[in-house]
Amino acid sequence: MKQIVIRYLKPYCPRMGVGFLIKFWGTIMDLCIPYILAYIIDSVIPKQQKSLVLLWGFFMIFCSVLAVTFNIIANRMASKVASDATELIRHDLFSNIMYLSNRQTDFFTKPSLISRMTTDTYNLHQMIGRVQRLGVRAPILLIGGICVTFTLDPAMACVLVAVLPLLGIITVYVSRKSIPMYIVLQEASDRFVRMVREDIAGIRVIKALSKTDYETEKFRAINKEVVERERKSGMVMAIIDPAMNILLNLGLVCVIFVGALRVNGGNCEVGKILAFTTYFTIILNAMLSISKMFTILSKAIASGNRIWQVLETKEDMQVLEMKEDQQTSKAKEDIQTPEEIVFEHVSFSYLKQKDADIRDLSFRIKRGETLGIIGEIGSGKSTIINLMMRMYDADQGRILISGRDVRTYKPEELKSRFGVVFQNDTIFEDTIAGNVTLGRELDETQVQEALLYARAREFVEDRTDREEEALNIKGANLSGGQKQRVLIARALAAKPRILILDDSSSALDYKTDAALRKGIREHFAGTTLVIVAQRISSILNADHILVMEDGKAIGYGTHEELLRSCAVYREIGKSQMGEEVTAGV
């Protein structure tokens, strides 16, 4: 939290200083009004001079106008600082999230990152604004009110001051208890966001399987947990207000009692008693404002620590420096290195456990060749793609792209070589053309060619506004096959050196799938193609086929070679294409 204040509020110190100064004088004007009233009652009215009463009355009005004006100006400045600082925090937080590695994203979890971007930044916004508005006004009213009461009547002021240490002890104790509780509350909110996110994204599946009641019950449980934690933290913070009211009201009773005795004894005047009760009310409100500020600070400290945890996270995938001989060969790599993709004894585990998700994997693919990867769910097919694109770093072994270790590439340089369609990829709320370009500098011709080669033009041209037709979030107004063809067009548009299709034709019929693969071979002959598939027909003509099972390669070769040497591949072929698949083998 301290680091956030230093980094993001330091540039606003001059503006905040002016705001504090304006707020200070506005608060002083507020403190002057009861004092003037006491002076009028005790000193001016006994003189029975109407002009003096009017003069001091106008002076009270003048102080009131200044107090209102200064406070409005200061509050507007505070709101501007709070909104501007929060905007910068959100921007930097979002940028950091975008540059987190997949491993770091897995560590924080996506729902937690969403919560930090929304709820936590809102808590910081509230804190920055309230501290500027109440952080100056409340202490000045408290301290100034006490000082003025001592000038009015030291004896009664001592009665008031005796109550304040008890209030301070309660406030500090409750704040120490509440901060950990708000951290736990935010963690529960993360789980709440995760469940809501999953249920809304999968609402059609839930309805299709008649699991609405089941998911509602799960939601009730997590919602109850969040409410319970909110209730506990709220109950702790709720101690402050009643405790302050009780102590201050008891103090007020004592003050009035002492004041009555002193007036009766001729040691105090009525106007001072009236002013004293007014200052007591001001002090009470100041203490209540301070207690509310402690509630906001407790939330903000918990949220600030969570935000800073992301902001201080550095990239864990550093770019390795190339040796001098590697730098010399870099410019000639297209000629000197026929092998586009090389895996050398690669092992990897998402959770860094003994049982790796990929174990001792080795293969080599030349430029322009096609690699097909097949295997059961969870066998490691998509993990190979993640390692190839350096979404994660391998635990052991080495991965080369165009003769260079992937760790020597800058992220943008490496990613620019790939065109990829991930499993369960995303369609954005944009036009079809916008989804194909995705912010890249691609001209209309490239977009049209990509749609054509992806076999997407046939349905794009049927739409009312053609490729400019707006798509809903996640392409809800497209069929499964149409989504996949738009995604493939996105991957083809920049003419990548390596094209990765991760189970991207599962929603296509066999005819469209065959036409798509034929078009890619004809128009992207120099492109290295990696196809992750569930259907053998999609990788039948691949130069190399990699068969995965439980993170290990159990077969590698052409279709015919695998039918002879790999029992698992042969069984997959029989189940999908019948006994004739093995005929002649």
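**Second largest pocket.** I began with the second largest pocket, and its volume comes out at about 230 Å³. For my own record: on a 1 Å grid over the protein atoms alone, a pocket is an open set of points with protein on both sides within 12 Å along at least five of seven lines, a cavity is a set where a 1.4 Å probe fits but cannot get out, and lining residues have an atom within 4 Å of a point. Volume is the space filled by probe spheres set on the points, with grid points joined across faces, edges and corners.

I listed 16 lining residues for this pocket, and Thr119, Leu185, Gln186, Ser189 and Glu230 lie nearest its centre. Helices α5, α6 (154-201), α8 (212-237) and α10 (270-311) each supply at least two of the lining residues, and α6 gives the most, with six. Helices here are DSSP runs (H or I, at least four residues), numbered from the N terminus. By class I got seven nonpolar, seven polar and two charged; Ala, Val, Leu, Ile, Met, Phe, Trp, Tyr, Cys and Pro count as nonpolar, Asp, Glu, Lys and Arg as charged, and the others, Gly among them, as polar.

**Model check.** This is a predicted model, so I noted that local features need pLDDT of at least 70 and side-chain atom pairs count only at pLDDT 80 or more, while totals for chains, interfaces and linings use all residues. Residues are numbered from 1 along each chain as its sequence is written, and side-chain values use heavy atoms, with hydrogens and water left out. The mean pLDDT (the predictor's confidence in each residue, from 0 to 100) of the protein chain is 82, and 93% of its residues reach 70 or more. Over residues 328-335 the pLDDT is below 50, yet I see 11 contacts (heavy atoms within 4.5 Å) for this stretch beyond near neighbours in sequence.

**Cavities.** How many cavities of 30 Å³ or more does the structure hold? I found three. The largest has about 60 Å³ of space, and its lining includes Leu501, Asp513 and Arg517. Helix α19 (residues 510-523) brings four residues, the largest share of that lining. I sorted its lining into four nonpolar, three polar and two charged residues.

The second largest cavity has about 50 Å³, with Arg15, Phe20, Met77 and Gln132 among its lining residues. Helix α2 provides five of the lining residues, the largest share.
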